[in-house]
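Hi there,

Here is the structure I promised to pass on to you. My notes follow below it, for whenever you have a moment to look.

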Amino acid sequence: MQFDVVVIGGGAAGLFCAGVAGQLGLKVLVVDHAAKVAEKIRISGGGRCNFTNRDLDPRAPHKHFLGENPQFCRSALARYTAQDFTALVQKHGIPFHEKHKGQLFGDRSSEDFIRMLLAECDAGRVERWQPCRVEHVAAGAEGYQLATDRGAVSAKAVVIATGGLSIPQIGASDFGFRIARQFGLRVIPTRAALVPLTFDGERWAPFSQLAGLALPVRISTGARKEEMSFDEDLLFTHRGLSGPAVLQISSYWRETQPLRVNLAPTHDVDDTLIAAKSRSRKLIANELLGVVPSRLADAWVAQDAAWQRPVNEASDKSLHQLAERLSRWELVPTGTEGYRKAEVTAGGVDTRDLSSQTMEARQQPGLYFIGEVVDITGWLGGYNFQWAWASGYACAQALAASLHRQP
Ligand code: FDA
């Protein structure tokens, strides 16, 4: 079997790239080892797919992307923008809405987006094999030879779009990193990102009763100069913390580093308590009701006997301490929930070994890497999909330009 391009991995980046390349006249095969393609799109955005973000500024990728060199994604993001993808969604008649902070979601179901990508592939006469295992990839003078469990395949170019390590239950694998190493590309060590954080069981016990409670917070990590902060919702879980605030900060958090959480970011808790002391005889927990949810207020005052009394009987010092603890809660996670629960994988194929214009390996012509397998990680909010679309588009354009030139 002979193709111009074999795309390994039929997820967001792979399907999109295949559709564009096929429509540019290339003979494209997509191979995926899972029985169903695009499973991550299916479960994304709570089943609604947060497909892009209006706030993405391609001129400043460091604002919403991490990696050794976030500037790497600038060119691709500028050439295929959130507006471009949104126009495609509109062309397919998929209804969508903005949730908040520029996040665009489908109104109905993620299935709409999978159908759209498959329709784009059909329009490009893309062939799909799944489930199909790729056992071996070899480069020769004539291009690439692949051994698969459906037989041998040869192609002028190979695109690796196998994503990261998160959610192995639905097909994630380290295939892309192994192929990168096989062809001499460097791989930045990977870690789970956009992931819930866990805490020491015994020390967490007083807070485990708060499981299910969500509230808006400001969360920060890192030393002063490199401090990262997010204003988002935090969710208490049985084992630790989750919710958008924690998922976002988890991408920046490093082991042993503390997190700082302001549990009442829109209140001056100190002022509130000191003012209450001069006019109220209510319990401190009751005075906190306008500041934080009541379950949190109760759990908070339970940490110190000095806080379990009427506010007028409390010392100024203990009120200051309580205010400080609520607005600057410092805690050190013991770890993360790992790839099993992570939305993405940080790290990956080293961008120094790829062209930012084409996604082609610098030292291995005809071998391309797109999407999450690359050391580019977006914030929560549609940024990871936009990277998948943009890197897939840049790659497809480059493939067409290069293969149409060849005899
Ligand atoms: P993706 O993971 O989509 O696809 C990789 C494909 O390669 C899979 O089909 C897999 O089966 C296949 N594959 C793997 N190993 C293989 C092998 N050895 N041989 C053949 N095929 C192989 N992002 C966002 O922007 N908005 C959102 O709403 C969400 N929501 C979300 C929810 C959850 C629960 C998760 C886990 C993730 C998200 N994300 C997200 C992140 C987003 O899903 C992710 O960044 C993209 O899907 C990455 O696209 P890729 O195509 O690179 O990999």
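**Around the ligand**

A polar side-chain atom of lysine 40 sits 3.4 Å from an oxygen atom of the ligand. Please keep in mind as you read that this is a predicted model.

Serine 173 places a polar side-chain atom 2.6 Å from a ligand nitrogen atom, while for phenylalanine 385 a polar backbone atom is 2.8 Å from an oxygen atom of the ligand. On its own the ligand has 990 Å² of accessible area, and the protein covers 93% of that.

Which elements give two or more residues to the shell around the ligand? They are helix 1 (12-23), helix 2 (39-43) and helix 13 (383-405). Helix 13 gives the most, with 3 residues. There are 30 residues around the ligand, and those that come nearest are Ala13, Asp32, Ser173, Glu372 and Phe385.

**Arginine 260**

I also looked at arginine 260, which you will find in strand 16 (residues 259-262). Is this arginine buried or exposed? Arginine 260 has a relative accessible area of 12%, so it counts as buried, the cut-off being under 20%.

Its side chain takes part in two contacts that you can pick out in the viewer. One of its polar atoms lies 2.8 Å from the backbone oxygen of glycine 222, and a polar contact of 2.8 Å links the arginine 260 side chain to that of glutamate 227. Setting aside residues up to four places away in sequence, arginine 260 touches Arg218, Ile219, Ser220, Thr221, Gly222, Glu227, Arg328, Trp329 and Glu330. Glycine 222 and glutamate 227 therefore turn up in this list too.

**Leucine 283**

The last stop is leucine 283, in the loop between helix 9 (269-277) and helix 10 (284-287). Leucine 283 counts as partly exposed because its relative accessibility is 43%, and that class runs between 20% and 50%. Beyond its neighbours within four places in sequence, leucine 283 is in contact with Arg309, Pro310 and Val311.

Best wishes

Terms used
Residues are numbered from 1 along each chain as its sequence is written. This is a predicted model: local features need pLDDT of at least 70, side-chain atom pairs count only at pLDDT 80 or more; totals for chains, interfaces and linings use all residues. Side-chain values use heavy atoms; hydrogens and water are left out. Helices (H or I, at least four residues) and strands (E, at least two) are DSSP runs, numbered from the N terminus. Buried means under 20% relative accessible area, exposed over 50%, partly exposed in between (1.4 Å probe, protein chains only). A polar contact is a pair of N or O atoms within 3.5 Å; within protein, one must be able to donate a hydrogen and the other to accept it, and residues adjacent in sequence count only if both atoms are side-chain atoms. Contact means heavy atoms within 4.5 Å. A residue is near a molecule or strand if one of its heavy atoms lies within 4 Å of it. Accessible areas come from the Shrake-Rupley method with a 1.4 Å probe; for residues, only the protein chains shown count as cover.
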